[in-house]
Amino acid sequence: MEDNQKKYLDRVISLLVRDTRIELSSGIPIIRTPFKNHPFLLSREPQFLEHVYHRNSYFPDFSSNISHTYGIGKNEMEYVWDEYRRNVKDNLIKLYYER
């Protein structure tokens, strides 16, 4: 991957992570993403991180939105998806497990 291309993809990832909201409702984490019209709820149990980190979770919505919004092709999509999920997972750990 070329340096300029990686910088662009990293910027897209940064924007996606910035626009992802993680909040608590009755003690349950809610994630609002820029590529889904509705939020999803997660259990506070440790296995909920696997849901966020699972490769196929929400990928169709993600790939369609990111392709149209940022012009990212199929080859770059996996990198953006994996890095986005890793960042969201890290943020969830910081917010809910390291308090």
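Author: I72 touches Y8, L9, V12, I66, S67, M77 and V80, leaving aside residues up to four places away in sequence. Contact here means heavy atoms within 4.5 Å. This is a predicted model: local features need pLDDT of at least 70, side-chain atom pairs count only at pLDDT 80 or more, and totals for chains, interfaces and linings use all residues. Residues are numbered from 1 along each chain as its sequence is written, and side-chain values use heavy atoms, with hydrogens and water left out.

I72 belongs to the largest nonpolar core, which has 17 residues. Such a core is a set of buried Ala, Val, Leu, Ile, Met, Phe, Trp, Tyr and Cys residues joined through side-chain atoms within 4.5 Å. Buried means under 20% relative accessible area, exposed over 50%, partly exposed in between, with a 1.4 Å probe and protein chains only. The residues with the most contacts inside the core are L16, F62, I66, I72, V80 and Y84. Two or more residues each come from α1 (3-18), α3 (59-70) and α4 (74-96). Helix α4 gives the largest share, six residues. Helices are DSSP runs of H or I, at least four residues, and strands are runs of E, at least two; both are numbered from the N terminus.

Now α1. Its buried residues are L9, V12, I13, L15, L16 and V17. An α-helix has 3.6 residues a turn, so residues three or four places apart point the same way. The 16 residues of α1 should span 22 Å at 1.5 Å a residue, and the end C-alpha atoms are 22 Å apart, which agrees. The expected span is 1.5 Å times one less than the number of residues.

Next, the rings. F35, F62, W81 and Y84 form one aromatic cluster. Rings of Phe, Tyr and Trp (its six-membered ring) pair if their centres lie within 6.5 Å; planes under 30 degrees apart are stacked, over 60 edge-to-face, the rest tilted. The structure holds six aromatic pairs. In one of them, F35 and Y84 have ring centres 5.6 Å apart and planes at 75°, so the pair is edge-to-face. F35 sits in the loop between β2 and β3 (40-41), Y84 in helix α4, 49 residues apart. Y84 is buried, at 4% relative accessible area. The rings of F62 and W81 have centres 4.6 Å apart and planes at 50°, so this pair is tilted. F62 lies in α3 and W81 in α4, so the pair ties together parts 19 residues apart in sequence. F62 is buried at 0%, and W81 is buried at 3%.
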